[in-house]
Amino acid sequence: VSNSSAKTAGTSEFDIEIPSSELSAPFDEPFDNPELFAVTRGALGGNNSAYFKITGESGINVSYSGTDGDFLAGQDLNDDGDGASKPQITWSGIDISGEGGLQFSGDFGANGSNDYESDDFLRVEYRIDGGAWQNLVSFVGDSNGDLSEDTDFDGTAEGTALTGTLSEFSKDIGGTGSTLDFRFTARANVGGEDFAVDDFSISLSPVVQFTTSSGSVSESEGST
């Protein structure tokens, strides 16, 4: 393992650093090509104030920071022209054969000011081998009118509030199998209720193995 150190045999403390560059990523979504996913409810499009689309800041009436080129944005989804108040996009058939320790990460932001209601949400779910959909990360309108993380998926916000600067959220994906599907669904149906998401990825979490009898240390990705 590079950039790591370990004490000699017989000791009990190990100081190990695994560079992020050593992790592999079986899936990456930079939101620069709508052909990489399927729109499974609604449609991409709209104008600069009512929309659900891949865009840069020049195409909408809201400014964000922390984006990486184009991103997926939405606002006033009732009036964006597709007739769907809760649009949804889905990624299907991601090969995870032989992999474990999967982790999702994505950048999320919302730039409204005291605009969001309790039934507004952003939600990412997943399923393995066509099983039941499982919650992965969710944000709902809180008592301050912000979109904040619903950490236990009970419909009430308890966690970090989103802002106009996108923040990364990472979540472990439980289970193993052959194929992974995941989907993103949003509800924000009034002008001023806006959001942006960017850089979704599925990566492998590293597992550090060590043997106390020899003091040796090894590192593997996504398996033990």
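Author: Helices (H or I, at least four residues) and strands (E, at least two) are DSSP runs, numbered from the N terminus. This is a predicted model, in which local features need pLDDT of at least 70 and side-chain atom pairs count only at pLDDT 80 or more, while totals for chains, interfaces and linings use all residues. Residues are numbered from 1 along each chain as its sequence is written, and side-chain values use heavy atoms, with hydrogens and water left out.

Reader: How many helices and how many strands does the protein chain have?

Author: Of the 224 residues in the protein chain, 41% are buried, where buried means under 20% relative accessible area, exposed over 50% and partly exposed in between (1.4 Å probe, protein chains only). Among contacts (heavy atoms within 4.5 Å) with a separation of 6 or more, 65% join residues 24 or more positions apart. As for its elements, the protein chain has 0 helices and 17 strands.

Reader: Which residue in E8 does Ala 38 stand opposite?

Author: The antiparallel pairing of E4 and E8 runs over 3 bridges. In E8, the residue opposite Ala 38 is Thr 90.

Reader: How many residues of E11 are buried?

Author: E11 pairs with E10 in the antiparallel sense over 6 bridges, and Val 137 in E11 is the bridge partner of Val 124. E11 also pairs with E12, again in the antiparallel sense, over 3 bridges, and there Phe 139 stands opposite Glu 149 in E12. E11 is largely enclosed by the rest of the structure, because its buried residues number 6 of 8.

Reader: Is Ser 138 buried or exposed?

Author: Ser 138 has its place in strand E11. Leaving aside residues up to four places away in sequence, Ser 138 touches Leu 122, Arg 123, Ser 148, Glu 149, Asp 150 and Phe 153. Its relative accessible area is 4%, which means that Ser 138 is buried.

Reader: Which residue in the turn between E11 and E12 has a positive phi?

Author: E11 and E12 form a hairpin with 5 residues between them. The value of that positive phi is about 80°, and the residue is Gly 145.

Reader: What phi does Asp 129 have, although it is not a glycine?

Author: Most residues other than glycine have a negative phi. Asp 129 is found in the loop between E10 and E11, a hairpin with 5 residues between the strands, and is partly exposed, with a relative accessible area of 45%. Asp 199, which is in strand E15, is not a glycine either and has a positive phi of about 50°. For Asp 129, the phi is positive and about 55°.

Reader: Which strand supplies the largest share of the core of 37 residues?

Author: A nonpolar core is a set of buried Ala, Val, Leu, Ile, Met, Phe, Trp, Tyr and Cys residues joined through side-chain atoms within 4.5 Å. In the largest one, of 37 residues, Trp 91, Phe 104, Phe 108, Phe 182, Phe 184 and Phe 200 touch the most other members. Strands that each supply at least two residues of this core include strand E8 (88-95), strand E9 (102-109) and strand E14 (179-187). The largest share, 5 residues, comes from E15.

Reader: How many residues does the second, separate core have?

Author: Its members include Tyr 51, Tyr 64, Ala 73 and Leu 166. The residues of this second, separate core number 8.

Reader: How far apart are the ring centres of Tyr 64 and Phe 71?

Author: Rings of Phe, Tyr and Trp (its six-membered ring) pair if their centres lie within 6.5 Å, with planes under 30 degrees apart counted as stacked, over 60 as edge-to-face and the rest as tilted; the count comes to 18 aromatic pairs. The planes of Tyr 64 and Phe 71 stand at 75°, so this pair is edge-to-face. Tyr 64 counts as buried at 7% relative accessibility, and Phe 71 at 1%. The centres of their rings are apart by 5.9 Å.

Notes:
Two strands pair if DSSP finds at least two bridges between them.
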